[in-house]
Amino acid sequence: MIDVRENILARLVAIVGTMPSIKQVFRNYVDLTEDQLPAAAVLDGDEDTDDVADKSMRPPERPTLTTMTPEIVIFKLAPQVGPDISMLRRELIKLVLYDTELNEQIVKTGRYGNGAIRYLGCQTDLGWERSMFGALKLNFHFKYALRPADL
Amino acid sequence: MIDYSALLFDPVYAELGVPATLIAAGTAGQIELTVIDDTRSKIQTANGVEVRSVGPGAFARIPELTAKGIARADYANAAITFNGRTWAVRSYDVRGSPNGEDLGEVRFLLMANE
């Protein structure tokens, strides 16, 4: 069984876990406490194909190109939270885009190695708790082959 | 006219209040006052993820502050210590009173010093 989507998400959790300034990494977990911060959450993203526009007679079990848009959210409490989450953003973008396993072993799964990783952008969220609260959500786009026979 | 300070705030502070010290920039050192600890649980939600913490706060009587030389302009960034913790005043709410806002309470919105 090869589930590229799951492999990508598991690898993202592992990548975020290498960041020394992140205390804990969660996946699809939505209830944190302040003592767990700085933390990150990998949120499974939507998955899409372009097959709705495919008018061919291609057999349904043939591979198709798929895209997934997972999100990674970073949380931090600090008096000056802006520079801190900016630094985490820089670290995380580089780690994901340069990761050898994602690039060579997971994403480029198509017959012609035609997968891709893209950084789409980020959104911030601010508030007050014991100190200033900052969250930064980074959006990534992964393109890979979905092979029904491998599932 | 009912004296809310004498009949309401002072008895409440006598029961629920705790001793505090406040140091405000530009004033003469540290003052002693009575505050009511109003630290509450606080949940911040970002992208569907809830992060639980506290929203530290404290009530104080404006007449007590004024009598001890602390004007409203001195509230921001003052250091306040009570119940074993020291906080910085990041903002405040004037709570008002039927006797006028200057005879009511202020709620200090606090933040951790580090």
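## Notebook: a predicted model with chains A and B

**Chain B, overall.** I started with chain B and found two helices and eight strands. Helices here are DSSP runs of H or I with at least four residues, strands are runs of E with at least two, and both are numbered from the N terminus. This is a predicted model, where local features need pLDDT of at least 70, side-chain atom pairs count only at pLDDT 80 or more, and totals for chains, interfaces and linings use all residues. Residues are numbered from 1 along each chain as its sequence is written, chains are lettered from A and ligands numbered from 1 in the order in which they are written, and side-chain values use heavy atoms, with hydrogens and water left out.

I read the elements of chain B along the sequence and got α-β-β-β-β-β-α-β-β-β. The C-alpha trace of chain B spans about 50 × 30 × 25 Å along its principal axes. Chain B has 114 residues, and 42% of them are buried. Buried means under 20% relative accessible area, exposed means over 50%, and partly exposed lies in between (1.4 Å probe, protein chains only).

**Chain A, overall.** Next I looked up chain A, which has three helices and six strands. From the N terminus on, I noted the order α-β-β-β-β-α-α-β-β. The C-alpha atoms of chain A fill a box of roughly 60 × 30 × 25 Å, taken along the principal axes. Of its 151 residues, 40% count as buried.

**Salt bridges.** How many salt bridges does the structure hold over all chains? I found 18. A salt bridge needs a side-chain nitrogen of Lys or Arg within 4 Å of a carboxyl oxygen of Asp or Glu.

I looked at A:Arg130 and A:Glu34 and found their side chains meeting at 2.8 Å, N to O. This pair links distant parts of the chain, 96 residues apart. A:Arg130 sits in the loop between β5 (116–128) and β6 (132–146) of chain A. A:Glu34 sits in the loop between β2 (31–33) and β3 of chain A. A:Glu34 has a relative accessible area of 22%, so I put it down as partly exposed.

Is B:Asp38 buried or exposed? B:Asp38 is buried, because its relative accessible area is 13%. B:Arg40 is partly exposed, at 43%.

Then I looked up B:Glu64 and B:Arg61, whose side chains meet in a salt bridge at 3.2 Å, N to O. B:Glu64 is buried, with a relative accessible area of 14%. B:Arg61 also counts as buried, at 14%. Salt bridges with shared partners join B:Asp10, B:Arg61, B:Glu64 and B:Lys68 into one network.

**Aromatic pairs.** I found five aromatic pairs over all chains. One of them is A:Phe26 with A:Tyr29, at 5.4 Å centre to centre and 20 degrees between the planes, which is stacked. Rings of Phe, Tyr and Trp (its six-membered ring) pair if their centres lie within 6.5 Å; planes under 30 degrees apart count as stacked, over 60 as edge-to-face and the rest as tilted. A:Phe26 is buried, at 11% relative accessibility. A:Tyr29 is partly exposed, at 40%. In chain B, ring pairs link B:Tyr75, B:Tyr92 and B:Phe108 into a cluster.

**Surface patches.** Which residues form the negative surface patch? I listed A:Asp46, A:Glu47, A:Asp48 and A:Asp50. Patch residues have over 30% relative accessible area and no salt bridge; like charges are joined within 9 Å, and nonpolar side chains (Val, Leu, Ile, Met, Phe, Trp, Tyr) within 5 Å. Lys and Arg count as positive and Asp and Glu as negative, while His and the chain ends are not counted. A:Glu47 lies in strand β3 (residues 39–49) of chain A. A:Glu47 counts as partly exposed, because its relative accessibility is 35%.

I also found a nonpolar patch on the surface, formed by B:Leu8, B:Val12 and B:Leu16, with about 240 Å² of accessible area together. Accessible areas come from the Shrake-Rupley method with a 1.4 Å probe. B:Leu8 is in helix α1 (residues 4–16) of chain B. B:Leu8 is partly exposed, at 38%.

**Last look-up.** I found B:Arg85 in strand β7 (residues 85–96) of chain B. B:Arg85 is partly exposed, with a relative accessible area of 48%. B:Arg85 and B:Ala112 are 27 residues apart in sequence and 9.0 Å apart in space, C-alpha to C-alpha.

Note on methods. The place of a charge is taken as NZ of Lys, CZ of Arg, CG of Asp or CD of Glu.
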